[in-house]
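Please read them with the structure open beside you.

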Amino acid sequence: DPRSLSVAFQTIPKIAALVDIKGNAEDLFDVIFCYFPITFKNRESDPSAISPESLKAALRAAITCSPHFGSMAVKPLVDKAAATSASAKIDAYETLAAGALSFSAEDFKSELETLVEQIREDVFMSSDESVVDAALDTLESIYSVIAPPKGTDASADPAAMIDDEGETASPLDYVLKEAVFQLTAEEVKNSEQVGKILRAVARSSAYNCSVVSDAVIPIIIERMDATEVLTARRELMDVLNHVLSASCDVSRKAECLEADKINLLNIYRPDTSIPLDKEYSFLHITRLKGITLLTLLPVFLTDDETAVALQTIARASIERNEEENVNKEATHLLIQLSQSKPEQIQSVVLPLFFEAMRDKLIAVQKVSHLLNALGAIGVSAMKILVPVLKGLSDLVVSGDLAPPHCLATVSTIRKVIEAVVVGSKESNIEDLCAELIGTVISSLSDWVYSLAHSSSNGQRQHAVALLVLEISRAVVATLSRLSESSQAEYLAPLFEKYQEIALKPHSSALADGEATVSAQLLLPFFSAAVCSCWPQTKLPASDLNEFVGGLAIAGLNTVLQEQRDASFEIIASIINKTGDAKQRGEMAQRVIRSAEECDGTAASVLARHWLARALVSRNDKAGYEIVNWLLDLISSHSSPHSTVAAEGFAIVLGDHDWSITQSTHGVIKILSKQRFYATVVPQITSKFKAADDEQVKTNLLVVLTNTIRYMPKSVLMNGVESVIPLLLSAVRLTQSGLKAASIRTITMVMIESPDTLQKELSASIVPLLLLSISQDSQANTVEVRRAACDALSLIPEKYIYPVVQSSRKPVLRALTAARDDRKRLVRQDAIKAYNKWLSFGES
């Protein structure tokens, strides 16, 4: 019984820790080692069952728990490493590596030659990377045990042994003799494997690293001087890189490195005569890796030499060539170096990237590559995050960047900020956000403010609107992490600059001049800042009720969508975060009264959607009064805005960049969505059954889809049977987003409760899915077609063949056509579904 064995294995280390087992070591060892290697298959249906991995770990811990087991364990473990089973090999290697922590050096020496030969065979011949990794880890662990103590001179090896012929033989000779043979052969082969073995041994200790380096590096330098064959040079450089990597890992510079410094620099010096194409890409990549390793070696390169090395790698990342792998590898190496040498990266590398971006004729593809590289470098090292973002913002603000690339640059700044800030648990994150706001976001917001006021044509205003949106998202990521006092301090000048613009409704597109239109394009930035605050933050408005009322009037009467959305977002956020129920109710009623004065307009309906979002999230009953008003409007045959009211339910429950979200400290009560579902869905169902107007039914289906698409799975599965007929009707909608959401919901029901859909499968669900994978309808977007293919792919897994037997041929015909879809992702999904249906029912 595995449970009994597990207890027995766990008992042995406890006995060894409590008493001296020297006299009984052989008996105890025989009891446990007879089970090695242990294998069994656990019951997947029983989550509490003992796993094979845990049993192996317990046996390994028992075998290696005492130094008294070493003399008995090493030889049979080495024999087990020669097994044909990959699992047995790995288990033997991992147990030997674990034994290195408790067994003595003498236990390993007698079997060292045999073990090294076996490891060499596996590294050279095995196609299983897990076996290779286990073998190399074992080699490193064992050589760390038999290495001389720290401070030992590499010229006098106390670990040396006397061989059968009376000659002194070092344990390292078992590795070095074969490596030297390979490196001095007429044709260098298996350089990767030789390098891995040398690296594993060299990493085991500083002493071993010096011995390996002194033995191998001079040979490589001599061979490099003697050959001009590029493939041979690459093979030799590959081995050299592995040895240098070990020196970096043990943080020790071998004595021979200093003596051969000039030779090493010459080996890795870029050769302009070698073309930058695919044929020679591996040579260039190997050289770049070597330059990186020389840079990482402790106290090896001077500051000037380090600068030259970094410039070489940076230019390889910046300059486009036929083989993009060189660019990618150079960027990866810069990311690696940025963590150990941030100051040099900032002073040497970043200026080269920024200068490359100033080229007015630079291609879009190259800009994308440069921005991706800078973003990755900034995210990888906090010390240069701010310099990277500050440099990019300076490029945008200075005007040195070509206008088409400004949006991509600002978008990169936003993405990097979100990657570092959102969800971060770092203690200094508030200080970082404050620094980013002061050095990066403030300059960008001032720049876009000036740009907006100088924009006079529609095309440029559209570009400004996109820039404002990206900057606003960056504001949300940073400002939301500040304290209440810091937020209030930041908002004070913003209110002075934007409050008057926000409260002045724009009545016509040209009435107040283009400058006013452009200024109001900036209001999403103001909205993002206000909505990002904590509920406790005091907004710098003299009278909050008056401010909310003014925003309501402006939002209801403006013709600019940006102003209307910003007004309603701010109103909803303020009301949602107001803790006093009386004050919250007064502000909500004031907005409703303003909306009633504008009844008959789409804006008055949208205002109620935002109010419902603010109040429903708090489980405030006033929110459900507004929801009931909206449902009555949707059920009305005469209202011209019933469609707007239905589509607006995405506002009530949907995601938003900043207004009433978890990240912006919105008040979202537990079970608020569950309560909404339980309250609203029954009303939708009853109204749908009672309606005789097709448009009313369509609008109710839109409400239902916008409700279920934002519901947690656990909520949807509670009473899903009642909404299945409506979901099937929703698949017939022409709005692609709602149609895809309906199909995804049906797919989820298939996964969680397939029996629920079984009656409808052949008659309704499959025909609707087949219609949805057709390219003939504009409603069948890529998202819809992929969702339908995924649902079809799931049917053979969840249902027995007789349930859908009649549908097999139509499905295969439709999927055959879908395999020729104009979109690659759809083709892939269709092929996957086709293969499942093709074999469905054959067995």
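1. A salt bridge is taken here as a side-chain nitrogen of Lys or Arg within 4 Å of a carboxyl oxygen of Asp or Glu. The model is a predicted one, in which local features need pLDDT of at least 70 and side-chain atom pairs count only at pLDDT 80 or more, while totals for chains, interfaces and linings use all residues. Residues are numbered from 1 along each chain as its sequence is written, and side-chain values use heavy atoms, with hydrogens and water left out.

2. By the salt-bridge rule, the count comes to 26. One of the bridges joins the side chains of Asp 657 and Arg 473, at 3.2 Å from N to O. Asp 657 sits in the loop between helix H33 (649-653) and helix H34 (672-690), whereas Arg 473 belongs to helix H23 (residues 458-479), so the pair ties together parts that are 184 residues apart in sequence. Helices here are DSSP runs of H or I with at least four residues, numbered from the N terminus.

3. A salt bridge between Lys 89 and Asp 122 has its closest N and O atoms 3.0 Å apart. Since Lys 89 lies in helix H5 (residues 86-99) and Asp 122 in helix H7 (residues 112-125), the pair ties together parts that are 33 residues apart in sequence. Lys 89 is buried, with a relative accessible area of 10%, and Asp 122 is buried as well, with 5%.

4. Asp 829 and Arg 786 also meet in a salt bridge, at 2.6 Å from N to O. This pair links distant parts of the chain, with Asp 829 in helix H42 (residues 824-838) and Arg 786 in helix H40 (residues 782-798), 43 residues apart. Asp 829 is buried, with a relative accessible area of 10%, whereas Arg 786 counts as partly exposed at 27%. Elsewhere, salt bridges that share partners join Arg 414, Glu 418, Glu 470, Arg 473 and Asp 657 into one network.

5. Turning to the aromatic rings, a search of the whole structure finds 13 pairs. Rings of Phe, Tyr and Trp (its six-membered ring) pair if their centres lie within 6.5 Å, and planes under 30 degrees apart count as stacked, over 60 as edge-to-face and the rest as tilted. The pair of Phe 29 and Phe 69 is tilted, because the ring centres are 5.7 Å apart and the planes stand at 50°. Phe 29 is in helix H2 (residues 25-33) and Phe 69 in the loop between helix H3 (52-63) and helix H4 (70-80), 40 residues apart, and both Phe 29 and Phe 69 are buried.

6. The rings of Tyr 498 and Phe 526 are stacked, because their centres are 5.9 Å apart and their planes are at 20°. Tyr 498 lies in helix H24 (residues 484-503) and Phe 526 in helix H26 (residues 523-531), so the pair ties together parts 28 residues apart in sequence. Tyr 498 counts as buried at 2% relative accessibility, and Phe 526 counts as buried at 0%. Tyr 449, Phe 495, Tyr 498, Phe 525, Phe 526 and Phe 547 form one aromatic cluster.

How values were computed. Helix = DSSP H or I, 4+ residues; strand = E, 2+ residues; numbered from the N terminus. Buried < 20%, exposed > 50% of the residue type's maximum accessible area, 1.4 Å probe, protein only.
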